[in-house]
Amino acid sequence: MRLPNPVLRLSEPDAAEDPLVADYRELTDAALRRRRDAEHGMYMAESSRVVARALAAGHRPRSFFMTERHLPELAEAISSHPDAPVILGDDAVLESITGFHLHRGALAAMHRPVPPEPEALLDAARTLLVLEGITDHTNVGAIFRSAAALGVDGMLLSPTCADPLYRRSIRVSMGSVFTVPWARLPRDSSDGAWASGARSIREAGFLLGALEVADGAVALDDPTIRRAERVALILGAEGPGVTAGALASADVAVEIPMAGRTGRHEVSLDSLNVAAAAAVACWELGRRHG
Ligand SMILES: C[S@@+](CC[C@H](N)C(=O)[O-])C[C@H]1O[C@@H](n2cnc3c(N)ncnc32)[C@H](O)[C@@H]1O
């Protein structure tokens, strides 16, 4: 297949030492990737479908990385970025570089877009989720997927929340991290506090709710929430939940009533997984746009 792009074949001598290939080394080491991705202003798109979605969202590729047999799936998209080199190799060579088998097709090292400032979302949105300290990439991806599928306008991330552009978050989100607008709230102190962000959400006219099982909480479908013009809901991490500081900064605590409390089941559970709670909240928030 003929492409206008430069092609680097890993079967050729010394090709694996090319600096372009370094972007794809040791992808399974999350800490190493975080450092490297931040240093180079990049992120990794994994699977042909995710690469296609990233390109469709207007993100720019640094290079592509795949076996020859996956080339046809992306040939058109690749050709429309003729400056981005294409690195080709067989399965074993690609796996020896990345650390895992590429059964989902292509990878692409992408230039990381600069996220908007929180103010841009506060100006434009009517419904927001605020992810506080959610460090699990699977949960972050699943929450983005629900927000995209159920029509929430955007996402604000606390300073310690995991990166939506880490490859696991991207994959679980089905690429919705490229289309749901998100911004990072400023860090007020070294412990990751974000009280100034909470203030700016309320000053922008949002009812700020802490989604948490808490004393005095109103139910998610309470008229206080239904009637508010603009709503932002804080979600907490598995284990700690919404922090005391965030609960105190919120206008109201909001809960999804748990059936276990009624005694209809033998096992009484106190809470949902955060991504499941987010899906229920997105359904409720999404209905406001009707
Ligand atoms: C597993 S829960 C937090 C842990 C919980 N506080 C504990 O004691 O282990 C993770 C997050 O999901 C959300 N959540 C889960 N179940 C909820 C419910 N029934 N009502 C409101 N929020 C809920 C909250 O945002 C919570 O911070």
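Tutor: Strand S2 is mostly covered, since five of its five residues are buried. Here buried means under 20% relative accessible area, exposed means over 50%, and partly exposed lies in between, with a 1.4 Å probe and only the protein chains counted. Both faces of S2 are covered: Met42, Met44 and Glu46 are buried on one side, and Tyr43 and Ala45 are buried on the other. The model is a predicted one, so local features need pLDDT of at least 70 and side-chain atom pairs count only at pLDDT 80 or more, whereas totals for chains, interfaces and linings use all residues. Residues are numbered from 1 along each chain as its sequence is written, and side-chain values use heavy atoms, with hydrogens and water left out.

S2 pairs with strand S5 (residues 107-111) in the antiparallel sense over five bridges; two strands are said to pair if DSSP finds at least two bridges between them. Strands and helices are DSSP runs numbered from the N terminus, with E runs of at least two residues for strands and H or I runs of at least four for helices. Within this pairing, the bridge partner of Glu46 in S5 is Leu107.

S2 and S5 belong to an open sheet of five strands in the order S1-S4-S3-S5-S2, with mixed pairing. Strand S1 (7-9) and strand S2 (42-46) stand at the edges with a single partner strand each, so one side of each has no neighbour in the sheet. Direction ignored, neighbouring strands of this sheet are turned by 20° against each other on average. Further into the order, strand S3 (residues 61-66) and strand S4 (residues 86-88) run parallel and are joined by three bridges.

Helix H2 (residues 30-40) lies across S2 and S3 and runs at about 120° to S2. Such angles run from 0 to 180 degrees between N-to-C directions of axes fitted to C-alpha atoms, for helices over the stretch in contact. His70 is placed in the loop between S3 and helix H4 (71-79). It counts as buried, at 11% relative accessibility. Apart from neighbours within four places in sequence, His70 is in contact with Leu102 and Gly105, where contact means heavy atoms within 4.5 Å.

A second open sheet has seven strands in the order S8-S7-S6-S11-S9-S12-S10, with parallel pairing. Its edge strands are S8 (182-184) and S10 (218-219), each of which pairs on one side only. Strand S6 (residues 127-131) and strand S11 (residues 231-235) run parallel and are joined by five bridges, and Val130 stands opposite Ile234 in S11. Helix H7 packs on this sheet, touching S6, strand S7 (154-157), S8 and S11, and its direction makes about 150° with that of S7. Helix H9 (residues 195-203) also packs on the sheet; it touches S6, S7, strand S9 (207-211) and S11, and makes about 130° with the direction of S9.

Phe144 is located in H7 (residues 137-150) and is buried, with a relative accessible area of 0%. Leaving out residues up to four places away in sequence, Phe144 touches Met155, Leu157, Pro164, Ser173, Ser176, Val177, Val180 and Trp182. Ala237 is found in the loop between S11 and helix H11 (244-249), and is buried at a relative accessible area of 15%. Beyond its neighbours within four places in sequence, Ala237 is in contact with Glu132, Gly133 and Ile134.

The ligand has 18 residues around it, of which Leu211, Glu212, Gly236, Ile256 and Leu272 come nearest; a residue is near a molecule if one of its heavy atoms lies within 4 Å of it. An oxygen atom of the ligand is 2.6 Å from a polar backbone atom of Leu211. For Glu212, an N or O atom of the side chain is 2.6 Å from an oxygen atom of the ligand. A backbone N or O atom of Gly239 lies 3.5 Å from an oxygen atom of the ligand. Of the 580 Å² of accessible area that the ligand has on its own, the protein covers 83%. That area comes from the Shrake-Rupley method with a 1.4 Å probe.

Terms used. Polar contact = N/O pair within 3.5 Å; in protein donor to acceptor, adjacent residues only side chain to side chain.
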